[in-house]
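User: I am new to this protein. Please walk me through its structure in short questions and answers.

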Amino acid sequence: LQILVVVGGFYFSWRSLEAAIKTLSLGTRNAQAQLFNQMVIQGRDLQFKFAELFHGGNDEKNLKARQDHFIGTLLGYYSSCFELKNVLELPSNAEKLLKEDLRELMREGQVRKKWDDVKHLHSKEFVAYVDSVRGVS
């Protein structure tokens, strides 16, 4: 009888552990999906701000300052995406897209100048990543 109780306890423990692993896996996938969704929404919002800033009939006096601020925001966005991908796995096509977007962004002289001014504010890992993107240096 004791053996049956012990075996039954092990079986119950094993099933409980399986359920906990499944729940943890679902929670992780849910967090990844939410993260990716937030990145997409933030990227879309940045595109709207770009259209508004560069094509919205802004007066020339403050345009340069707003452009500089916008470029800093873009760099912060890509830095956040980089740091988040180190915490939660992103789909490989999303990582490739972010890398290519960053590569194209960093080819712009105004962006490179801003990067040189603010890169000390970012993590060493992100600085190394940006500097390693082909075509940036």
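User: Which pattern does the protein follow, read along the sequence?

Analyst: This is a predicted model. It has five helices and zero strands. Read along the sequence, the pattern is α-α-α-α-α.

User: How much of the protein counts as buried?

Analyst: Buried means under 20% relative accessible area. The protein has 137 residues, and the share that counts as buried is 26%.

User: How many salt bridges does the structure hold, and what lets such side chains pair?

Analyst: Side chains of opposite charge can pair when their charged atoms come close. One of the pairs here is Arg-15 with Glu-18. The number of salt bridges in the structure is six.

User: Take Glu-100 and Arg-103. Which residue of this salt bridge is buried?

Analyst: The two side chains meet at 2.8 Å, N to O. Both residues lie in helix 3, three residues apart. Glu-100 has 38% relative accessibility, so it counts as partly exposed. The relative accessible area of the other residue is 9%, under the 20% cut-off, so the buried one is Arg-103.

User: Is Arg-107 buried, partly exposed or exposed?

Analyst: The side chain of Arg-107 meets that of Glu-104 in a salt bridge of 2.8 Å, N to O. Glu-104 is partly exposed, with a relative accessible area of 44%. For Arg-107 the relative accessibility is 45%, so it counts as partly exposed.

User: Which helix gives the most to the lining of the largest pocket?

Analyst: The largest pocket holds about 630 Å³ of space. Helix 1, helix 2 (60-85), helix 3 (92-106) and helix 4 (109-118) each give two or more residues to its lining. The one that gives the most, with nine residues, is helix 1.

User: Which residues lie nearest the centre of the largest pocket?

Analyst: By class, the lining has 16 nonpolar, three polar and four charged residues. The lining has 23 residues, and those nearest the centre are Gly-43, Gln-47, Leu-74, Tyr-78 and Asp-101.

User: How many residues of each class line the largest cavity?

Analyst: The search of the whole structure finds one cavity of 30 Å³ or more. About 70 Å³ of space lies in the largest cavity. Its lining includes Tyr-78, Phe-82, Lys-85 and Glu-95. By class, the lining counts are seven nonpolar, no polar and three charged.

User: Which elements give two or more residues to the lining of the largest cavity?

Analyst: Cys-81, Leu-98, Lys-99, Leu-102, Phe-126 and Tyr-129 are among the residues that line the largest cavity. The elements that give two or more residues are helix 2, helix 3 and helix 5 (124-132).

Conventions
Residues are numbered from 1 along each chain as its sequence is written. This is a predicted model: local features need pLDDT of at least 70, side-chain atom pairs count only at pLDDT 80 or more; totals for chains, interfaces and linings use all residues. Side-chain values use heavy atoms; hydrogens and water are left out. On a 1 Å grid over the protein atoms alone, a cavity is a set of points where a 1.4 Å probe fits but cannot get out, and a pocket is an open set with protein on both sides within 12 Å along at least five of seven lines; lining residues have an atom within 4 Å of a point. Grid points are joined across faces, edges and corners, and a volume is the space filled by probe spheres set on the points. Helices (H or I, at least four residues) and strands (E, at least two) are DSSP runs, numbered from the N terminus. Ala, Val, Leu, Ile, Met, Phe, Trp, Tyr, Cys and Pro count as nonpolar, Asp, Glu, Lys and Arg as charged, and the others, Gly among them, as polar. Buried means under 20% relative accessible area, exposed over 50%, partly exposed in between (1.4 Å probe, protein chains only). A salt bridge is a side-chain nitrogen of Lys or Arg within 4 Å of a carboxyl oxygen of Asp or Glu.
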